[in-house]
Amino acid sequence: MKKVTTATLMAMKQNGEKITMLTAYDASFAKLFDEQGVDTILIGDSLGMVLQGHDDTLPVTVEHIAYHTASVRRGTQRAMVIADMPFMSYATPEQAYASAAKLMASGASMVKLEGGRWLFDTIEGLVERGVPVCAHLGLTPQSVHKLGGFKVQGRDAEQARVLMEDAKLLDEAGAQMLVLECVPSALAEKVSKAVSMPVIGIGAGAATDGQVLVMHDMFGISANYMPKFSKNYLAVTGDIRKAVSLFIEEVQNGSFPSEQHSFN
Ligand code: KIV
């Protein structure tokens, strides 16, 4: 079994093969996702909401992510394991290096951080020091208070221009993957074509290089709330393994996300 690496993901983008990503927080789900063939597993700071029951991701710490990353690592053989850098754990490059060191030592093969051009030096510094980076633009949940809620981003021309410029800059800084969350499908398509790194969408239409869902959303077990961009694959299949395998199939054949799960 060949491990998924940054080279694998880059080749998939170049060959037009869609990349799949699911969040996981423990060894059992990580093993199940890995066995079904999910390419990348994200220990998202969404764990603050779906595991810990907070209203947002802000209370999550590096220690929380490190604990769950070690569990996921133990369950994973093939998929790339990506750990989220929590709120304020990368406010300066030095802080980012210290946080990334803990997460990589816990078993991550890449770290993810939220934000635009202000992260140029941090990303460049992490990559120079051997840490692969996944950037995250659009709806960046750690900025929920600044954004005034969990809202679609990039709908007006100026926001779209800034987002495109940020994506190009972070690509230049050396980021090896980009999560684009809740942006209009047409903008996500343009960004995916404009950058060399693979772009993984969530609420960003079907034209990105891959798709990610929060596992609790795709099983329909998130407390009280189902985002428009998510799909309850457990309800469709009635079985966890079949749900994951259908998610992979629909991402690969381009039928997920449909218009119903996307934004204009
Ligand atoms: O924290 C998370 O799970 C995420 C995904 C929604 C991409 O950032």
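Which residues of strand 3 lie on one side and which on the other, and are they buried or exposed? Before following the answer, note that this is a predicted model, in which local features need pLDDT of at least 70 and side-chain atom pairs count only at pLDDT 80 or more, while totals for chains, interfaces and linings use all residues. Residues are numbered from 1 along each chain as its sequence is written, and side-chain values use heavy atoms, with hydrogens and water left out.

Strands (DSSP runs of E, at least two residues) and helices (runs of H or I, at least four) are numbered from the N terminus. In a regular strand the side chains alternate between the two faces of the sheet. On strand 3, Met80, Ile82 and Asp84 point to one side and Val81 and Ala83 to the other, and all of them are buried, where buried means under 20% relative accessible area, exposed over 50% and partly exposed in between, with a 1.4 Å probe and protein chains only. Because five of the five residues of strand 3 (residues 80-84) are buried, the strand is largely enclosed by the rest of the structure.

The neighbours of strand 3 come next. Strand 2 (residues 40-43) pairs with strand 3 in the parallel sense over four bridges, pairing being defined as at least two DSSP bridges between two strands, and here Leu42 stands opposite Ile82. Strand 4 (residues 110-114) also runs parallel to strand 3, joined to it by three bridges, and in strand 4 the bridge partner of Ile82 is Met110.
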